[in-house]
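Please open the model in a viewer and keep the sequence at hand.

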Amino acid sequence: MKKLLTAIFTMASTTCALAQEVASSPLEISGSVDTYFKYDFAKNPLNAKTSFVTDHNSVSLGMIDIALKKKTGKASFVGELSFGPRGQSQSIPDAAAGGSSFNIQNLYVNYDFTDEFSMTAGYMGTFIGYEVISPVGNFNYSTSYLFTNGPFQNAGIKATYKFSDKVSLMAGVFNDWNVYSATRGVSAVGGQLMVAPVEGWTAYINALSGAGFGGYGTIVDLTTSYQITEKFKLGLNAANYDIKDSSVPGSYAGAALYPQYAVADAVTIGLRGEYFKVKEAGAVPETAFTAVTLTANIKSGGLTFIPEVRLDHNSDKPFFNKSGAAAPNGGQFSLAAVYAF
Amino acid sequence: MKYILFGFLAIFSVKLSAQQKQFSKDDNGKFIYYQVVDSQLVSKDTLLQRARSFVNVVYKKSMKPEGSTDSSVLAKGTMVIDKTILVASHPSGEVSYNFVFEARQGKYRFWLTDMLFIPYQRDRYGNFVPATTIGVPLERTPGKLGAGAWKDILNSTYNKVEKFGDEFKKYLATNRVEKTKKNAETISTKKW
């Protein structure tokens with residue numbers, strides 16, 4: 001027993017001594033909690049064709065999200081878990097069948113070989129697209145068609161090289177979309193070129209090719225935002241996804257524009273205008289959506305209130321009116337409260 | 001019981017005094033952290049050399065030299081401001097500043113001013129990154145909704161700047177060459 005205790009004390013003191021020599025950041029704990037009320041103008045929850053904000057006339061839950069990060073020397077890790085409908089059954093994948101478990105948002109390790117070159121391995125939020133699962137990362141509370149139809153997360157290994165503050169390049173190999181372990185092997189390659197041509201303007205050109213939704217396919221994506229003045233910001237997302245087997249439905253193309261204007265210190269008004277086309281596949285005809293979402297962000301400390309009105313249109317009538325008949329238009333109002341810590 | 005009350009009073013006083021720390025304003029109405037330091041034992045040239053070394057070596061990652069004369073050093077820098085929840089914390093933003101150092105025989109002065117705050121937000125990978133590229137002057141008066149959060153930012157910034165100032169003063173007062181030699185001393189077990 002004495003020997004064991006001595007060994008433990010020796011190990012502990014050695015670790016302590018090592019810790020003094022290697023720069024270590026404190027453990028970062030952050031996260032968010034969100035809840036919402038939504039009212040569908042046709043009183044039909046099936047009119048929600050994009051992710052999350054699904055319930056009608058209900059005060060419903062989003063998710064609680066908890067993230068841990070620690071950096072010691074050149075090595076760091078991030079672990080982020082979410083619980084609640086947005087982070088469970090409505091996210092892909094759900095850790096246990098039945099939609100009653102949790103979703104891993106991020107679980108990866110990173111090593112900075114130099115100030116310019118780093119490598120990351122694990123399960124990460126996708127590098128494709130403008131919007132993300134966490135409501136803290138989005139301006140609008142509802143999500144775009146581009147987000148819903150694209151990848152949510154990618155597991156893989158990636159290398160990033162920063163040429164300067166204005167240019168960096170990432171390349172990696174990944175599993176198929178949204179899975180903790182590969183079902184078709186490490187079968188996708190992806191890359192991201194980041195350019196920041198002027199201060200305030202950042203553009204990401206992304207590509208991912210390999211196993212994904214609907215089999216094997218290639219997605220090319222442009223995500224950019226420009227803080228033009230202190231009050232005005234403009235964002236743009238455009239993407240094209242083609243499934244290799246053209247008879248399989250799921251290929252799409254679309255673009256969304258995100259102008260935002262700060263009307264006061266704590267209040268920003270923003271619009272999302274989106275065009276999204278599901279491509280023809282075999283007997284399934286092409287169909288196109290347009291959507292306009294008007295959103296306000298009202299901030300007080302860590303809390304953000306998000307009132308939002310959203311109108312969707314598709315001439316192929318995928319929506320329902322009050323009597324349950326097929327309709328070309330859908331509309332909803334929602335009020336969300338998001339607390340970030 | 002008396003001791004408990006005294007303890008509470010002492011803690012409360014310390015907390016109050018911590019809250020009262022705030023930036024002074026300069027001639028242009030901007031926040032400034034200004035220090036004049038008496039330094040009779042270190043020559044003007046050595047002070048300048050150490051100030052340059054502090055900017056170019058010690059704070060290489062967060063400071064950028066902007067100019068230097070035979071009596072001054074100018075630089076721009078940023079410092080990360082943390083948000084603390086109990087024992088854990090995470091970055092809440094960064095403050096950029098202009099740094100000016102001037103030396104004379106027997107004394108020197110330095111100040112930080114033109115402070116701009118850029119809030120951080122968590123990105124898709126769980127890292128905290130700047131939410132915008134345009135900073136807000138720390139002197140602004142926030143609206144009612146953001147007043148509490150802004151006060152926390154001012155307090156955190158003051159504490160960071162004060163810590164930076166202390167570190168700078170300590171660096172300028174320390175002879176690194178002698179210290180390195182002292183650290184390299186070896187101990188022989190052959191003699192008592």
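Predicted model: local features only at pLDDT ≥ 70, side-chain atom pairs only at ≥ 80, totals over all residues.

Which residue's side chain is joined to that of S72(B) by a polar contact? Select S72(B) together with T69(B): a polar contact of 2.7 Å joins their side chains. S72(B) is placed in strand β4 of chain B, which covers residues 72-85. With a relative accessibility of 12%, S72(B) counts as buried, because buried means under 20% relative accessible area. Leaving aside residues up to four places away in sequence, S72(B) touches L48(B), F101(B) and E102(B).

E102(B) counts as partly exposed at 28% relative accessibility. R109(B) is likewise partly exposed, with a relative accessible area of 30%.

Next, select D114(B), which is found in strand β6 of chain B, residues 107-122. Its phi is near 55°, a positive value in a residue other than glycine. Most residues other than glycine have a negative phi. D114(B) is partly exposed, its relative accessible area being 26%.

D114(B) forms a salt bridge with K30(B), in which the closest N and O atoms are 2.7 Å apart. K30(B) lies in the loop between β1 (24-25) and β2 (31-38) of chain B and D114(B) in strand β6, so the pair ties together parts that are 84 residues apart in sequence. K30(B) is partly exposed as well, with a relative accessible area of 33%.

**A bridge between the chains**

Which residue of chain B meets the side chain of E80(A) in a salt bridge? Select R122(B) and E80(A): the N to O distance of their salt bridge is 2.9 Å. The pair crosses between chains, from strand β3 (residues 75-83) of chain A, where E80(A) lies, to strand β6 of chain B, where R122(B) lies. E80(A) counts as buried at 4% relative accessibility, and R122(B) counts as buried at 8%. Over all chains, a search of the whole structure finds 14 salt bridges.

**Helix α3 of chain B**

Select residues 147-173 of chain B to display helix α3, which has 27 residues. From its first C-alpha to its last, the helix reaches 39 Å, close to the 39 Å expected at 1.5 Å a residue. Among the buried residues of α3(B) are W150(B), I153(B), Y158(B), F164(B) and F168(B).

**Two stops in chain A**

Move to F52(A), in the loop between β1 (28-40) and β2 (58-72) of chain A. F52(A) has a positive phi of about 65° although it is not a glycine. Is F52(A) buried or exposed? With a relative accessible area of 3%, F52(A) is buried.

Finally, select the residues of a nonpolar surface patch of about 1000 Å², including F41(A), Y261(A), I269(A), L294(A), F305(A) and L335(A). The elements that give two or more residues to the patch are β13 (267-278), β14 (287-300), β15 (303-313) and β18 (329-340) of chain A. The largest share, 3 residues, comes from β15(A). To end, centre the view on I269(A), which lies in strand β13 of chain A and is partly exposed, with a relative accessible area of 34%.

Definitions and conventions
Residues numbered from 1 in each chain as written. Chains lettered and ligands numbered in written order. Heavy atoms only, no water. Patch = residues over 30% accessible without salt bridge, like charges linked within 9 Å, V, L, I, M, F, W, Y side chains within 5 Å. Areas by Shrake-Rupley, 256 points an atom, 1.4 Å probe, with all protein chains shown as cover. Salt bridge = Lys/Arg side-chain N within 4 Å of Asp/Glu carboxyl O. Helix = DSSP H or I, 4+ residues; strand = E, 2+ residues; numbered from the N terminus. Buried < 20%, exposed > 50% of the residue type's maximum accessible area, 1.4 Å probe, protein only. Polar contact = N/O pair within 3.5 Å; in protein donor to acceptor, adjacent residues only side chain to side chain. Contact = heavy atoms within 4.5 Å. Expected span 1.5 Å × (residues − 1).
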